[in-house]
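User: I'm new to this one and would like to get my bearings. Could you walk me through it?

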Amino acid sequence: MKSMFRIRAKISRKLYYTLAVGVFAVVFLVWTILAGSGLVSNIFLPSPLKVFAYLVNAFATGSIWGDIGISSYRIFMGFLVAVIIGVPLGILAGTFHFAEALIQPFSEFLRYMPVPAFVPLIMVWCGIGETAKIAVIFLGTLFQLIPMMADNVRAVPDDLLGAAYTLGGGRSLVLRRVILPAIAPSTMNTLRIMLGWAWTYLTVAELVAANSGLGYNILKAQRFLRTDAIFGGILIIGVLGLLCDRAFVLAGKKLFPWAEGDR
């Protein structure tokens, strides 16, 4: 027991998963007690059984599958465009100081601007179709991704770069054969974090004249005080986000087994 509190002490896989599942169980138990005790009205806090009944009905009737599909498409496209643009810009900013001066201060400036404030402008610029919803996801992730990628590059030890130059490597070779392989594991972890950011902007994205999607369903349920549907939608988004997160972790372990990462 004492060893558990040593800094970075390893614990068994069984204990790890027991603790992780235990947290979910405690939250579920507290939720059940609060909802069943009458201390909180069911209008504001539906019981887990009521939420479960909503989810069973939604999946059984098939009404939720289309919403999961369209929301996943919006997340994937916004995230993909952000990665295509943000990863190269971040690598440039972390590799060359002149590129850092050109890219990072402006991206840091935009990073602190609330994405929901851009929704009216996005509707003017992109209309109310799928492009606008994808643009919200894109803006929400791009300017977080750039500085994180730049930091990944800066974390590459100077000794590696010096050794490569000493062995006759030029700028292009050092970038391709030293920097890019060195940042690959941390880049996978950065993308995992950014995908989490993308999921958090889903409801904001589906504010833009949506008539489908998980975020749209949550907002629609709000109008009719359908808190069971609100909780159900939030849980679905959480599960989908967790599955994406675990998929990135698993891919990172398979692609970069030498790198120490999350479980």
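User: How much of the protein chain is made up of buried residues?

Analyst: In this predicted model, buried residues account for 38% of the 263 residues in the protein chain.

User: How many helices and strands does the chain have?

Analyst: There are 11 helices and zero strands in the protein chain, so that, read from the N terminus on, the order of elements is simply α-α-α-α-α-α-α-α-α-α-α.

User: What size of box do the C-alpha atoms fill?

Analyst: Taken along the principal axes, the C-alpha atoms of the protein chain fill a box of roughly 70 × 60 × 30 Å.

User: Which domains does the assignment give?

Analyst: The domain assignment gives domain 1, covering 13-45, and domain 2, covering 52-256, and the C-alpha centres of these two domains lie 29 Å apart.

User: How many residues are in contact across the two domains?

Analyst: Five residues of domain 1 are in contact with four residues of domain 2, and the area buried between domain 1 and domain 2 is about 410 Å², with carbon and sulfur atoms giving 67% of it.

User: Why quote an area there?

Analyst: The accessible area lost when the parts come together is often used to give the size of an interface.

User: What does Asn 152 touch, apart from its neighbours in sequence?

Analyst: Once the neighbours within four places in sequence are left aside, Asn 152 is in contact with Ile 183, Ser 186, Thr 187 and Thr 190.

User: Where does Ala 259 sit, and how accessible is it?

Analyst: Ala 259 lies in the segment after α11 (227-255), and Ala 259 counts as partly exposed because its relative accessibility is 29%.

User: Last one, how far apart are the mean positions of the charges?

Analyst: The mean positions of the 22 positive and 12 negative charges of the protein chain are 8 Å apart.

Conventions: Residues are numbered from 1 along each chain as its sequence is written. This is a predicted model: local features need pLDDT of at least 70, side-chain atom pairs count only at pLDDT 80 or more; totals for chains, interfaces and linings use all residues. Side-chain values use heavy atoms; hydrogens and water are left out. Helices (H or I, at least four residues) and strands (E, at least two) are DSSP runs, numbered from the N terminus. Buried means under 20% relative accessible area, exposed over 50%, partly exposed in between (1.4 Å probe, protein chains only). Lys and Arg count as positive and Asp and Glu as negative; His and the chain ends are not counted. The place of a charge is taken as NZ of Lys, CZ of Arg, CG of Asp or CD of Glu. Domain bounds come from an automatic or database domain assignment. Contact means heavy atoms within 4.5 Å. Buried area is the accessible area (1.4 Å probe) that two parts lose on being put together, summed over both.
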